[in-house]
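Biologist: I am new to this structure and would like to go through it by question and answer. Please show it to me.

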Amino acid sequence: MALIYRFIKGVALLGVWSLYAVGCYAQASNSSSAWGEPFPAEDEWMAQAQAAWLKRDSGLLARYKQEALQLAHPLAAWVDYWDMNLRMVSLKPIDVEDFYKRWPGSYVEDRFRNDWLIELGRRRDWASIQKEYPRFLMNDDRQVTCYWHLALYHADQSVALDARKAWMEQLEGDEACHLMAKTLLQAGVFKESDVWQKLLNAMEATRLKSVNQAMQLLPDDQTHFLRTALEKPASALEKKNKLAGFKKDVQLHMWGLLLARYAQQDLEAAARWMDRHANHFLPPEWQAWVWAQIGRQAALRVLPEAAEYYQKAWDSLKGGGYSQLPWSNETLAWSVRAALRSNQPSNAQWILKSIEQMSEREQQEPVWRYWRARALQQSARSGDVGEGQRNEAKKILEAIANPLHFYGKLALEDLGRAIRLPPKPAEITLMERAGTRAHPGLQRALRLIALDLRSEGVREWNFSLRGMNDRQLLAAAQWACYHQVWDRCINTSDRTRQEVDISQRYPIPYRADVMAHAKDAGLDPAYVLGLIRQESRFISDARSHVGAGGLMQVMPTTAKWVAKKIGMPFQASMLKDRVTNLRLGTHYLKWVLDDLGGSQLMAAAAYNAGPGRPRRWREGATIETAAWAESIPFTETRDYVKKVLSNAVIYSAQLGGESVSLKGRLGAVVGPRGSKDPGVDMSLP
């Protein structure tokens, strides 16, 4: 009975509405009861049910499920889902259909359909997959996609193009896609050339698990040779006669794979091999591909030789052959970044050529549209002859100009326009609020998050947003704001297209604390807010997979070091305290900012990747800051610094600051410590 009592105690329905006054809508005229009472923070019953699931205690979990269903607990669907997963291998179709009937239209229904489709694939039940898959709404699981194509194949339907696309886009090896590829290869739907292309794609991305899995699809003699050769490519390349027994086309693919792997292991040695032997063994298109792989590896290491290697790749193509052996979008992206970093005006044509070879979809990304416009400006001839090219560049900049993202802001400033925030949309109506509050999926999501089941709550929340229009999204975001679930507030509002509420997308919770600690550390509050938004989305108890914690995601070792410098007693548990976290985080940010000459761009990079890396990344040619940001070798850090600086501009506008300029925050140039602007033309690096 005590268990049931705690269970019933946790069932709290939301009351009438209120508006949360900090960070989102702050209209004092709204009733304090407009959004409802907060969810209870404790629910021992749910925690015990989850513990039973994690321990795989099917007997205890079955008891919790039965009680949850009998009492119609708001989160009974999740206990039911956990129970079904524990019994997956023994489930019958009737069990599954009963589960769907209990939770129609819910996240757990579709989540379990995902799991069940994978189980059906393992059972090789293709007929059931054909029936089940069309009802799968999320459709975001690569394994399910591959099983679906297999089911279609077994139903004698044409699958070649879509199945090949799914396989090529697979990042990590898995049983479903491997089975699909093996089946379709044996049936003649896939060709051996497809396997080689898969191997090249996987090797480019250093996805060695995918490489090993794809190798198994080759004839045994080829698989055996590659398995040994790729472990020690240098030795295999010395024994050139061992490749002589294979067909010419197979030999070329093997040369390419071995040299790409060699470049990953020993870049300079691979480059020397190419200089000495490439003309003897590789036709121009293969020389170009290998040099591009060497260039990519050099660019990832921020080596000045990257531009030289890519130039050799482009020079190899003067006789044609590109279309026979295309480079991946990522290899082309690093070609652009190598050109930006080498900072030579003549690189404009190289940049244009790299972007033009990308897929049509990739070319439409703001980053490449921006740098294409800049390259067009740089390479345009003077006078009337180049006017058409300059006009084309201006049209591109106008198309991407947008105050809400990094390259949109740069485009605005390049066009000589001020960064102005969009107007506030109309207030959410009572009817819109009522629709949000009555949404069962959003209710479950907030309750799960309140119970510290954040992962489950976030997934439930995101699923519930499907198909919502701008007004519904704004109402949902506002409800999350009220409950101080700031990441859902921000991410939900970010989804709107026409109506943009800056106070939701860029809230300012804990404003007094942030302002006070920023001032104490000598930092711009807008910069601190921009960093916190990117680090934790203002979730004060956020914790990363590497152990960073709190609003500013401070690592325990870093916190201990900072605490010692400022004379503050410290224990790791103190990072959970908002005030302590802000104090330590702002002082550390100030330290890296001063160490890097006051560059907000490099300080953000140091905060994310450690202070040592930006010091090394700034070596080499002196380049403009936007180009330096784009050439950061870590994808996470590259994305991070652009968002932090972009966020800071918007927060500055909200706070009434003067620095509402992205270029002003970026600064002019980045170069070696102590270097000065050499006076070169920086209009295009």
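## Reading the predicted model

Modeller: Q222 lies in helix α13 (residues 220-229). The model is predicted.

Biologist: Is Q222 buried or exposed?

Modeller: Buried means under 20% relative accessible area. Q222 is at 6% relative accessibility, so Q222 counts as buried.

Biologist: Which residues is Q222 in contact with, leaving aside its neighbours within four places in sequence?

Modeller: Contact means heavy atoms within 4.5 Å. With neighbours within four places in sequence left aside, the contacts of Q222 are E192, W196, F246, V250 and M254.

Biologist: How many disulfides are there?

Modeller: A disulfide is a pair of cysteine sulfur atoms within 2.5 Å. C146 and C177 are joined, S to S 2.1 Å. C481 and C489 are joined as well, with their sulfur atoms 2.0 Å apart. By this rule the count is 2 disulfides.

Biologist: Where in the chain do C146 and C177 lie, and how many residues apart are they?

Modeller: The disulfide joins C146 to C177. C146 is in helix α8 (residues 142-154) and C177 is in helix α10 (residues 175-186). The pair links distant parts of the chain, and the separation is 31 residues.

Biologist: What is the handedness of the link of C146 and C177?

Modeller: The angle about the S-S bond is 85°. With that angle, the link of C146 and C177 is right-handed.

Biologist: Are C481 and C489 buried or exposed?

Modeller: The cut-off for buried is under 20% relative accessible area. C481 has a relative accessible area of 0%. C489 has a relative accessible area of 0%, so C481 and C489 are buried.

Biologist: Which residues touch the most other members of the largest nonpolar core?

Modeller: In soluble globular proteins, nonpolar side chains tend to be buried together. Here the largest nonpolar core holds 217 residues. Those touching the most other members are M46, F112, I294, W327 and W371.

Biologist: Which helix gives the most to this core?

Modeller: The core in question is the largest nonpolar one, with 217 residues. The helix that gives the most contributes 10 residues and spans residues 248-265. That helix is α15.

Biologist: What is F112 in contact with, leaving aside its neighbours within four places in sequence?

Modeller: F112 is among the residues that touch the most other members of the largest nonpolar core. Leaving aside neighbours within four places in sequence, F112 has contacts with Y81, M84, N85, M88, L91, V96, F99 and Y100.

Biologist: How many aromatic pairs does the structure hold, and why is the pair of W78 and Y81 edge-to-face?

Modeller: The structure holds 31 aromatic pairs. The ring centres of W78 and Y81 are 5.8 Å apart and the planes are at 75°. Planes over 60 degrees apart count as edge-to-face. The W78 and Y81 pair is therefore edge-to-face, at 75°.

Biologist: Where do W78 and Y81 lie?

Modeller: W78 and Y81 are 3 residues apart, about one turn of the helix. W78 is buried at 1% relative accessibility, and Y81 is buried at 8%. Both lie in helix α4 (residues 76-86).

Biologist: What is the geometry of the pair W126 and Y147?

Modeller: The distance is 6.2 Å centre to centre, with 45° between the planes. W126 lies in helix α7 (residues 126-132) and Y147 in helix α8, so the pair ties together parts that are 21 residues apart in sequence. The W126 and Y147 pair is tilted.

Biologist: Which residues do ring pairs link into a cluster that includes W53 and F463?

Modeller: The charged end of R56 sits over the ring of W53, 5.3 Å from its centre. R466 lies over the face of F463, at 4.0 Å from the ring centre. The cluster consists of W53, W78, Y81, W82, F99, Y100, Y107, F112, W116 and F463.

Biologist: Where is N343, and what is its phi near?

Modeller: Most residues other than glycine have a negative phi, and most peptide bonds are trans. N343 lies in the loop between α19 (329-342) and α20 (347-356). N343 has a positive phi, near 55°.

Biologist: What is the phi of R124 near?

Modeller: R124 is in the loop between α6 (107-122) and α7. At 36% relative accessibility, R124 counts as partly exposed. The phi of R124 is positive, in a residue other than glycine, and near 60°.

Note on methods
Residues are numbered from 1 along each chain as its sequence is written. This is a predicted model: local features need pLDDT of at least 70, side-chain atom pairs count only at pLDDT 80 or more; totals for chains, interfaces and linings use all residues. Side-chain values use heavy atoms; hydrogens and water are left out. Helices (H or I, at least four residues) and strands (E, at least two) are DSSP runs, numbered from the N terminus. Buried means under 20% relative accessible area, exposed over 50%, partly exposed in between (1.4 Å probe, protein chains only). A nonpolar core is a set of buried Ala, Val, Leu, Ile, Met, Phe, Trp, Tyr and Cys residues joined through side-chain atoms within 4.5 Å. Rings of Phe, Tyr and Trp (its six-membered ring) pair if their centres lie within 6.5 Å; planes under 30 degrees apart count as stacked, over 60 as edge-to-face and the rest as tilted. A charge sits over a ring if NZ of Lys or CZ of Arg is within 6 Å of the ring centre and within 35 degrees of the ring normal.
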